[in-house]
Every structure is written in C-alpha cells, then in structure tokens.
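Here are some exercises to work through with the viewer open. Try each task on your own before reading its solution.

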Amino acid sequence: MSLTSAATLATLDRTGPRRITDLAAVEGVTQPAMTALVRVMEESGLVERRGDTSDKRVTLVCLTEAGASYVRTRHQAGVQAFERLIGGLTGDEVEALVAALPALRHLAELESQDREGPTR
C-alpha cells in the first residue's frame with residue numbers, strides 16, 4: 001500500500017467521512033489523483049462512498065470495517081516496533097524521551113491540525 005493510501009485511511013479514521021476534494025487537500029495530491037486512489041481503495045474494500053445526508057449533492061468517502069481494521073493493525077505494528085526500540089535505550093535516554101513527550105504531543109497536534117484543514 002502506498003504512503004498516500006495509508007495516510008488517507010488514517011485521516012478518515014481520525015476525522016470521519018470526507019469529500020474527495022478535502023482528502024486531496026489534506027494529503028497534498030490533486031483531486032484526480034485522489035479520485036483514482038479512492039477508486040482503488042474502494043475496490044479493495046477499504047473505503048466506500050456515501051451520500052451526505054445534509055447535502056444530497058455531496059459524496060463522502062467513508063472508512064469500511066476492513067479499512068478501520070487495517071489502520072488499527074498498522075498502528076499496533078508501529079507501537080510494537082517502538083516498544084522494541086525503546087527497550088534498547090539506557091535509563092537516561094528513556095528519561096529524556098519521557099521529558100520530551102509534552103513537546104512531541106504538541107507537535108503531533110499541530111501536524112494533525114495542519115493536515116486536516118477545515119472539516120465538513
């Protein structure tokens with residue numbers, strides 16, 4: 001799976017259903033590229049398109065259960081990889097990481113806000 005596909009699934013997991021144009025902006029690709037990507041992910045059963053109940057002209061891309069499961073599995077694999085790596089650090093290095101956590105959380109929040117843009 002491409003990084004853009006994985007990032008798009010993660011965005012849908014975090015923010016819920018989105019328009020293709022919103023997803024393209026968040027992921028930094030063109031609308032036609034996102035349309036093609038969504039088509040492939042739809043054929044793979046990871047996302048589906050649904051009408052927006054508040055605006056019948058709008059189609060939203062939604063994560064399917066298979067897509068949500070993929071995101072959870074990928075996240076858990078990342079957590080396990082970090083656990084193994086942290087296990088190889090010294091006590092002082094672990095303390096330094098713990099001290100840096102508030103700043104890292106803030107960076108993650110800023111990055112998330114930047115990537116998500118306006119929600120519809």
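A crossing of two helices is called left-handed if the near helix is turned anticlockwise from the far one by less than a right angle, and right-handed if clockwise. Keep in mind that this is a predicted model, where local features need pLDDT of at least 70, side-chain atom pairs count only at pLDDT 80 or more, and totals for chains, interfaces and linings use all residues. Residues are numbered from 1 along each chain as its sequence is written, and side-chain values use heavy atoms, with hydrogens and water left out.

**Exercise 1. Describe how α1 and α2 pack.**

Step 1: find the helices. Helix α1 is residues 3–15 and helix α2 is residues 20–27; helices (H or I, at least four residues) and strands (E, at least two) are DSSP runs, numbered from the N terminus.

Step 2: get the geometry. The two axes come within 10 Å and cross at roughly 120°. Axes here are lines fitted to C-alpha atoms, for helices over the stretch in contact, and angles run from 0 to 180 degrees between N-to-C directions.

Step 3: name the arrangement. Angles under 35 degrees count as roughly parallel, over 145 as roughly antiparallel, 65 to 115 as roughly perpendicular and the rest as oblique. So α1 and α2 are oblique to each other, and α1 passes α2 in a right-handed crossing.

Step 4: list the contact residues (heavy atoms within 4.5 Å). From α1 come Thr4, Ala7, Thr8, Thr11 and Leu12, and from α2 come Leu23, Val26 and Glu27. Sorted by type, that's 4 nonpolar, 3 polar and 1 charged. In this sorting, Ala, Val, Leu, Ile, Met, Phe, Trp, Tyr, Cys and Pro count as nonpolar, Asp, Glu, Lys and Arg as charged, and the others, Gly among them, as polar.

**Exercise 2. Work out how α1 sits against α4 and α3.**

Step 1: take α4 (residues 65–86). Its axis is 10 Å from that of α1, at an angle of about 105°, so the pair is roughly perpendicular.

Step 2: check who touches whom. Leu3, Ala6, Leu9, Ala10 and Asp13 of α1 meet Tyr70, Val71 and Arg74 of α4.

Step 3: move on to α3 (residues 31–43). Here the angle is about 80° and the axes are 11 Å apart, which makes α1 roughly perpendicular to α3.

Step 4: list this contact too. Thr4, Ser5, Thr8 and Leu9 of α1 touch Met34, Leu37 and Met41 of α3, giving 4 nonpolar, 3 polar and no charged residues.

**Exercise 3. Is α2 largely enclosed or largely open?**

Step 1: pick out its buried residues (buried means under 20% relative accessible area, exposed over 50%, partly exposed in between; 1.4 Å probe, protein chains only). They are Ile20, Asp22, Leu23, Ala24, Val26 and Glu27.

Step 2: draw the conclusion. With 6 of its 8 residues buried, α2 is largely enclosed by the rest of the structure.

Step 3: look just past the end. Gly28 follows α2, and its phi is positive, near 70°.
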